[in-house]
Amino acid sequence: MSGGTEKASGGTGTSGGAGTGTGAFAPRPGAAPVGRMIAAQAALETRMLLRNGEQLLLTVVIPTLLLVLFSTVDIVDTGSGEPVDFLAPGVLALAVMSTAFTGQAIATGFERRYGVLKRLGASPLPRWGLMTAKTLAVLVTEVLQVLLLAAIALALGWSPHGNPLAVLLLLGLGTAAFSGLGLLMAGTLRAEATLAAANLVFLLLLVGGGVIVPLEKFPGGVRAVLELLPISALSDGLREVLRQGAALPLGALAVLAVWAVLSLGAAARFFRWE
Amino acid sequence: MRYESVVQVRGLVKRYGSKTAVDGLDLDVRAGTVTAVLGPNGAGKTTTVETCEGYRRPDAGTVRVLGLDPVADAARLRPRVGVMLQSGGVYSGARAEEMLRHMARLHAHPLDVDALIERLGLGSCGRTSYRRLSGGQQQRLALAMAVVGRPELVFLDEPTAGLDPQARRATWELVRELRADGVTTVLTTHFMDEAEQLADQVAIIDAGRVIAQGSPEELCRGGAENTLRFTGRPGLDLGALLTALPDGTAAAELSPGVYRVSGTIDPQLLATVTSWCAQAGVMPDALSVERHTLEDVFLELTGKELRS
């Protein structure tokens with residue numbers, strides 16, 4: 001890359017030094033190729049996500065339990081048809097929220113607090129490279145979640161319909177919207193506040209976002225507001241496709257797109273690295 | 001060599017709100033040397049170094065590192081400069097070796113990670129997650145992360161704070177080796193002995209300004225000369241002593257019964273003092289010759305003790 005080479009000769013560098021060095025530390029600076037840096041960073045971020053027990057509780061254990069429990073025990077009236085056909089899309093939406101929003105907000109908040117973002121800011125990895133790596137780590141985690149949850153849902157008798165591309169589009173836009181919100185929170189609040197707020201929002205949106213409780217259960221006025229939440233748009237959009245076979249749920253996609261633009265824009269504007 | 005001055009700071013001012021952290025600071029660092037930025041907590045050491053690292057934008061003045069602007073040319077500088085923060089900088093769940101290996105992967109020609117781990121005595125804790133490392137181990141990992149990319153220039157912010165004496169000496173040894181291999185080092189410290197042991201150049205800073213700059217020897221010569229102290233009966237008449245002492249030597253009763261002679265303390269002068277004592281019938285208790293240290297320089301310049 002752009003590293004200086006004037007002192008890059010191997011052997012012993014002695015400029016100004018009185019002693020005779022072994023040459024072990026002789027300067028030879030340079031950044032790794034940017035693709036390799038991002039791949040390494042994404043691998044590290046993914047390992048950190050998967051190694052964290054509390055994160056796994058949010059991203060794997062809770063969605064799995066909800067899916068199994070509410071599909072097999074008749075707690076909430078999910079309308080006509082198999083409960084799992086209602087629940088599976090909602091739990092997939094919850095999985096996206098748990099990783100892109102809650103998990104990412106908490107992890108990034110503490111990375112900011114412990115100077116990880118600051119230290120990486122002095123490394124050859126550019127900031128956009130770090131954010132790309134974080135996004136890749138979120139996507140890898142989501143793929144693992146979707147595979148696991150889909151397998152469980154299929155075992156519970158789930159029969160998905162619709163266009164897989166529409167599903168990917170919804171999941172992608174949902175990830176963008178939730179990532180923006182998570183990073184906005186992590187980059188502006190104290191780490192402890194982020195921890196508390198991200199968990200609280202997770203819980204509230206789990207209940208009020210059409211994940212396991214159909215929005216039809218709420219009064220009309222409340223429902224109109226809840227439908228504008230990103231979690232509602234994602235879970236209802238996924239349901240429209242996977243349950244009813246809709247080609248392209250434009251309303252849900254539009255809501256998610258607006259959230260994505262606003263939250264990512266605000267995160268880019270207000271994120272503080274230290 | 002293209003740039004004699006590897007780091008050049010001119011008239012740096014940095015404010016945080018109404019507080020002025022750095023107040024018109026100048027600093028020059030020559031290639032291949034070790035420069036210690038020495039001062040008490042809150043003197044502006046970290047702010048100065050972090051401005052050189054590109055973390056802070058100067059409110060006034062200019063900063064050039066390897067001839068570049070640390071903020072505008074950050075992308076070009078980052079691969080060439082190693083950074084050790086005062087604390088943190090590692091994922092709490094990352095293992096020591098994992099983090100160091102990761103930093104190595106971000107560089108084109110990194111050091112051998114295994115050898116570096118061995119060198120810094122981190123072998124026993126390579127599999128330990130960062131949050132379970134001792135303070136000293138965390139410090140050594142941060143140091144390793146600063147040098148693993150084979151930088152031309154390293155900034156070490158209080159590299160030995162919280163280290164036991166053995167680990168401290170190991171860190172000093174590494175800094176000496178960096179120097180011998182042609183790496184330029186800028187370190188901050190509030191340890192006098194660290195600056196005296198390691199530094200080619202010392203910049204003493206207080207309240208955001210450089211109040212003295214030079215090699216440790218120059219700084220120690222520049223202030224008062226060496227001193228000789230003794231205790232005796234209070235209220236001795238120093239007139240005869242002053243007459244007997246050579247020009248440029250001073251004698252004073254600092255506090256009742258505590259006497260100080262300052263000047264070039266040589267065997268001749270010592271004999272003069274003791275024979276005067278013999279004539280005056282005074283037993284000079286606690287007679288000691290003190291070499292002038294950076295600690296004294298700092299005390300004289302600021303009237304403050306330099307302790308953390």
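Apart from its neighbours within four places in sequence, B:Val34 is in contact with B:Val175, B:Arg179, B:Thr185, B:Leu198, B:Ala199 and B:Asp200, contact being taken as C-beta atoms, placed from the backbone, within 7 Å. The model is predicted: local features need pLDDT of at least 70, side-chain atom pairs count only at pLDDT 80 or more, and totals for chains, interfaces and linings use all residues. Residues are numbered from 1 along each chain as its sequence is written, while chains are lettered from A and ligands numbered from 1 in the order in which they are written.

B:Val34 and B:Val175 are separated by 141 residues in sequence, with their C-alpha atoms 8.0 Å apart. B:Val34 counts as buried because it has 27 C-beta neighbours inside 10 Å; the cut-off for buried is 20 or more other C-beta atoms within 10 Å, with C-beta atoms placed from the backbone.

B:Val34 belongs to strand β3 (residues 34-38) of chain B. Strands (E, at least two residues) and helices (H or I, at least four) are DSSP runs numbered from the N terminus. In chain B, an open sheet of 6 strands with mixed pairing runs in the order β5-β6-β7-β3-β8-β9, where pairing requires at least two DSSP bridges between two strands. Its edge strands, β5 (81-84) and β9 (209-214) of chain B, each pair on one side only.

β3(B) pairs with strand β7 (residues 184-189) of chain B in the parallel sense over 5 bridges, and B:Leu38 stands opposite B:Thr189 in β7(B). Helix α6 (residues 165-180) of chain B packs on the sheet and touches β3, β6 (153-157) and β7 of chain B. The direction of α6 makes about 150° with that of β7(B); axes are lines fitted to C-alpha atoms, for helices over the stretch in contact, and angles run from 0 to 180 degrees between N-to-C directions.

How values were computed. Buried ≥ 20, exposed ≤ 12 C-beta atoms within 10 Å, placed from the backbone. Contact = placed C-beta atoms within 7 Å.
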